[in-house]
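Here is a short report on local geometry and helix packing. Look at the structure first, then read on.

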Amino acid sequence: MTTKTPILPGATLGILGGGQLGRMFTTAAQTMGYKVIMLEPDVNSPAGIIADQHICAKYTDETALAQLAEHCDAITTEFENIPATVLSYLEAKTVVHPSSKALSSTQNRLVEKAFIESLGINVAPYAPIRNMADIDAIAESFQFPAIIKAASFGYDGKGQSVCNSADDVRTAFTALKKVECVLEQRINLEREISTVLARSQSGEITHFPVAENVHVNGILHSTTVPSSAPEQQIQRAIEMADKIADGLAYVGTMAVEFFISTEGDILANEIAPRPHNSGHFTLDACQTSQFEQQVRMLCGLPSGNCELVTPVVMINLLGDIWGNSQPHWDTLLSQPQNKLHLYGKKEARPGRKMGHFNTLAATTEQANEIAQQTFKDLKAN
Ligand code: ATP
Ligand code: MG
């Protein structure tokens with residue numbers, strides 16, 4: 001369903017998924033005076049502990065979905081792997097953004113790449129791998145090194161490995177239990193950037209400043225804004241991201257990740273149909289955060305101002321920095337330019353995103369210096 005009248009504070013919003021993105025959406029919505037009902041199967045989730053109501057059930061549970069639809073004026077998601085059938089069911093009953101159609105174009109890497117290419121946007125050279133014969137077929141021609149990725153359900157570099165030969169691909173494909181995969185040429189990266197944008201029901205697009213990202217072991221480590229990328233690359237990335245948002249008829253906050261190769265090529269890596277980790281800097285450094293913008297788009301409100309207020313460096317806090325005790329929060333907080341965000345997760349595991357911090361300073365160089373020092377001093381013994 002669509003609505004022409006804005007959904008105003010006092011109304012109830014629903015969210016599918018209770019992770020940190022759902023939590024930060026919930027905080028933004030509650031701050032603006034909305035109630036939030038969340039559907040999430042995990043009893044202890046970052047968003048569940050703050051939502052006005054937590055329906056603890058599977059995303060496919062029809063009773064739970066009926067309850068959510070009945071009580072919510074609009075529903076969104078924090079997670080792209082919600083079955084598209086779930087969103088179609090909800091769409092018939094209430095306002096839902098992003099749409100099941102937009103989500104289904106981004107759930108499978110092969111479908112996503114074909115969609116991006118159909119818009120005339122380049123991606124890293126790739127081949128679908130569905131069986132051993134597919135590997136034989138590309139063995140001679142594929143340019144290694146490459147990265148094999150499971151086509152569905154990957155995040156934070158999970159379900160990925162580097163391959164230097166067709167034999168490596170065979171081994172990795174077998175280890176991945178022969179699920180549908182994509183083999184991507186490994187690009188020599190000059191840098192990685194991402195565009196976080198929000199598109200309204202009438203197709204108006206607002207852009208947060210382009211972010212420059214550093215990944216470690218396939219997981220985002222840091223984001224710096226403004227990016228040091230040449231203005232021309234930044235403009236190209238924005239144009240491509242707009243094309244993708246329009247092509248999906250997307251409503252809400254979304255992100256597109258880009259590779260910039262050492263040859264200067266700009267290749268779309270992937271689409272996130274939701275707020276994105278590389279947009280967490282907006283929480284403290286922009287006039288409007290990516291989560292407030294998600295609320296505004298969902299409710300049919302005018303967009304907030306995306307302008308950058310101050311240069312910023314965001315660093316992710318993974319479970320790795322927890323030792324036998326908590327990291328040294330006192331050190332982090334003794335630096336007045338640091339803004340700490342923890343997600344309320346009980347158990348710290350290596351690679352698990354537990355929180356992040358934003359360092360605000362007059363220049364990105366200064367922000368980076370403080371952020372790196374803070375990060376070094378943080379690790380528990
Ligand atoms: P997320 O959804 O959390 O961003 P993901 O599991 O979908 O992660 P990708 O975005 O595919 O992972 O890859 C994670 C990172 O690994 C990239 O940001 C990049 O640093 C590196 N990487 C992935 N594919 C390639 C490639 N083809 N060439 C060079 N580097 C790559
Ligand atoms: Mg990615």
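A helix axis here is a line fitted to C-alpha atoms over the stretch in contact, and angles run from 0 to 180 degrees between N-to-C directions. The model is a predicted one.

## Helix packing

Two packed helices are described by the angle between their axes and the distance between the axes. Two pairs are tabulated below.

| Helix pair | Angle | Axis distance |
|---|---|---|
| Helix 1 and helix 10 (residues 290-298) | about 70° | 8 Å |
| Helix 2 (residues 62-71) and helix 3 (residues 84-91) | about 40° | 10 Å |

Take helix 1 and helix 10 to begin with. Angles from 65 to 115 degrees count as roughly perpendicular. Helix 1 and helix 10 are therefore roughly perpendicular to each other. Their crossing is right-handed. On the helix 1 side, the contact uses Leu21, Met24, Phe25, Ala28 and Ala29. Helix 10 answers with Phe291, Glu292, Gln294, Val295 and Leu298. Sorted by class, this contact holds eight nonpolar residues, one polar and one charged. An α-helix has 3.6 residues a turn, so residues three or four places apart point the same way.

Now the other pair. Helix 2 and helix 3 pack at an angle of about 40°, which makes helix 2 oblique to helix 3. This crossing, too, is right-handed. Helix 2 contributes Glu62, Leu65, Ala66, Leu68 and Ala69, while helix 3 contributes Val86, Tyr89 and Leu90. By class, the contact of helix 2 with helix 3 has seven nonpolar residues, no polar ones and one charged.

## Helix 1 in detail

Helix 1 covers residues 20-31, 12 residues in total. From first C-alpha to last, helix 1 reaches 16 Å, close to the 16 Å expected at 1.5 Å a residue.

How many of the 12 residues of helix 1 are buried? Nine are, so helix 1 is mostly covered; buried means under 20% relative accessible area. The buried set is Gln20, Leu21, Gly22, Arg23, Met24, Phe25, Thr26, Ala28 and Ala29. Among them are Leu21, Met24, Phe25, Ala28 and Ala29, which meet helix 10.

Gln30 also sits in helix 1. Its relative accessible area is 27%, so Gln30 is partly exposed. Leaving aside neighbours within four places in sequence, Gln30 is in contact with Val36, Ile50, Ala51 and Asp52. Ser100 is another matter: Gln30 and Ser100 are 70 residues apart in sequence, and their C-alpha atoms are 25 Å apart in space.

Gly33 follows helix 1. The phi of Gly33 is positive, near 100°.

## Cis peptide bonds

The peptide bond from Phe144 to Pro145 is cis, with omega near 0°. Pro145 lies in the loop between helix 6 (132-138) and strand 7 (146-150).

A cis peptide bond also joins Val225 and Pro226, with omega about 0°. Pro226 belongs to the loop between strand 13 (219-225) and helix 8 (231-247).

Lys178 is not a glycine, yet its phi is positive, near 55°. Lys178 is found in the loop between helix 7 (166-175) and strand 9 (181-185). Its relative accessible area is 44%, so Lys178 is partly exposed.

Asn217 has a positive phi of about 50°, again without being a glycine. The loop between strand 12 (211-216) and strand 13 holds Asn217. Is Asn217 buried or exposed? At 73% relative accessibility, Asn217 counts as exposed.

## Two further loop residues

Ser289 lies in the loop between helix 9 (282-285) and helix 10. With a relative accessible area of 10%, Ser289 is buried. What does Ser289 touch, not counting residues up to four places away in sequence? Ser289 touches Phe208, Thr282 and Leu283.

Ala348 is found in the loop between strand 17 (338-342) and strand 18 (353-360). At 27% relative accessibility, Ala348 counts as partly exposed. Not counting residues up to four places away in sequence, Ala348 touches Gly319, Trp322 and Met354. Ala348 and Gly323 are 25 residues apart along the chain, and their C-alpha atoms are separated by 8.9 Å.

Note on methods
Residues are numbered from 1 along each chain as its sequence is written. Chains are lettered from A and ligands numbered from 1 in the order in which they are written. This is a predicted model: local features need pLDDT of at least 70, side-chain atom pairs count only at pLDDT 80 or more; totals for chains, interfaces and linings use all residues. Side-chain values use heavy atoms; hydrogens and water are left out. Helices (H or I, at least four residues) and strands (E, at least two) are DSSP runs, numbered from the N terminus. The expected span of a helix is 1.5 Å times one less than its number of residues. Buried means under 20% relative accessible area, exposed over 50%, partly exposed in between (1.4 Å probe, protein chains only). Angles under 35 degrees count as roughly parallel, over 145 as roughly antiparallel, 65 to 115 as roughly perpendicular and the rest as oblique. A crossing is left-handed if the near helix is turned anticlockwise from the far one by less than a right angle, and right-handed if clockwise. Contact means heavy atoms within 4.5 Å. Ala, Val, Leu, Ile, Met, Phe, Trp, Tyr, Cys and Pro count as nonpolar, Asp, Glu, Lys and Arg as charged, and the others, Gly among them, as polar.
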